[in-house]
Amino acid sequence: MKLTRSSYKEFVPVIDGQKTYYGGFQNSLEPMGVSKFYRDRSCVVTAFTNVYFYLFHKERSIDIDTYNHYQYYFFRRLRPFVNGVATVGRLDRRLKLVREDMGLKLRSKRLVDNSIFKNPLAKKLAFIEEALAMDTPPILINWLSRDIRLMRNHGVCITELNKLGPKHEVVVSSWGRQYRFYLEDFDKQARTYTGLIYFIKE
């Protein structure tokens, strides 16, 4: 299961000179005056910027300046704290301002694990597949991650979920690149918070 446009140069192709990125990257906020401290905590800002461009700018590549214009707008509205935009609930609440400002009709759906309650893996798989089947990229936010280093205190867009033998490979956009890991390996490790959210245009 994958997004209609999940391949390199198809999923939110951000153009910077001769480079094409797989979605945007939070470090490009530097020319907008965002400090390294807050750039490092803006992964969910970037993930939502990718979702925005995927849903609302389907037919063209995006130059880095245009991407940064929107990314900086979302940065100011989402306002990462010292721990970033740490949960899908906080992301959704802060997006109320964006919905009102831009007139975006976006409905959301969430699935959350915490230190007390964890959803079965099958439910997470079904949630991700549901989003991808509707051609909307789910955002994954996670805190601890001992085994999948990429997901340590990070937020990313999922673009594909591939069944490879007994496991499910997750393909994500992070820092303008494509990364892969197995959901089974991610899910079995100790975690205090994991949230999934996707958005549907109404």
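Mentor: A nonpolar core is a set of buried Ala, Val, Leu, Ile, Met, Phe, Trp, Tyr and Cys residues joined through side-chain atoms within 4.5 Å, where buried means under 20% relative accessible area, exposed over 50% and partly exposed in between (1.4 Å probe, protein chains only). This is a predicted model, in which local features need pLDDT of at least 70 and side-chain atom pairs count only at pLDDT 80 or more, while totals for chains, interfaces and linings use all residues. Residues are numbered from 1 along each chain as its sequence is written, and side-chain values use heavy atoms, with hydrogens and water left out.

Trainee: Which residues touch the most other members of the largest nonpolar core?

Mentor: The largest nonpolar core has 60 residues, and those touching the most other members are Val12, Phe48, Phe74, Leu91, Ile139, Phe181 and Phe199. Helix α2, residues 43-56, supplies the largest share of this core with 10 residues; a helix here is a DSSP run of H or I with at least four residues, a strand is a run of E with at least two, and both are numbered from the N terminus.

Trainee: What is Ile139 in contact with, leaving aside its neighbours within four places in sequence?

Mentor: With contact taken as heavy atoms within 4.5 Å, the partners of Ile139 beyond four places in sequence are Ala47, Phe48, Val51, Leu91, Val156, Cys157, Gly195, Leu196, Ile197 and Phe199. Over the chain, residues 24 or more positions apart account for 64% of the contacts with a separation of 6 or more.

Trainee: How do you know whether the radius of gyration agrees with that of a compact globule?

Mentor: The radius is taken over C-alpha atoms, and the globule rule is 2.2 Å times the number of residues to the power 0.38. For 202 residues a compact globule would have a radius near 17 Å, and the chain has 16 Å, so the two agree. The C-alpha trace spans about 40 × 35 × 35 Å along its principal axes, and 54% of the 202 residues count as buried.

Trainee: How do the 6 strands of the open sheet pair, and in what order?

Mentor: The chain has 6 helices and 9 strands, and two strands count as paired if DSSP finds at least two bridges between them. By that criterion 6 strands form an open sheet in the order β4-β9-β5-β6-β7-β8, with antiparallel pairing. At the edges are β4 (106-114) and β8 (177-182), each of which pairs on one side only. The antiparallel pairing of β4 with β9 (residues 193-201) extends over 9 bridges, and Leu106 is placed opposite Lys201 in β9. Helix α5 (residues 121-133) packs on this sheet, touching β4, β6 (154-164), β7 (167-174) and β9, and its direction makes about 95° with that of β6; such angles run from 0 to 180 degrees between N-to-C directions, with axes fitted to C-alpha atoms, for helices over the stretch in contact. Helix α4 (residues 88-102) lies across β4, β5 (139-142) and β9, at about 30° to β9.

Trainee: Why does one side of each of β2 and β3 lack a neighbour in the sheet?

Mentor: This open sheet of 3 strands has the order β2-β1-β3 and mixed pairing. Since β2 (19-22) and β3 (62-63) stand at its edges, each has a single partner strand, so one side of each is left without a neighbour. Val14 has Ile62 in β3 as its bridge partner, while Asp16 stands opposite Lys19 in β2.

Trainee: Why is Ile200 counted as buried?

Mentor: Its relative accessibility is 16%, so Ile200 counts as buried. Ile200 belongs to strand β9, and, apart from neighbours within four places in sequence, Ile200 contacts Lys105, Leu106, Arg107 and Met134.
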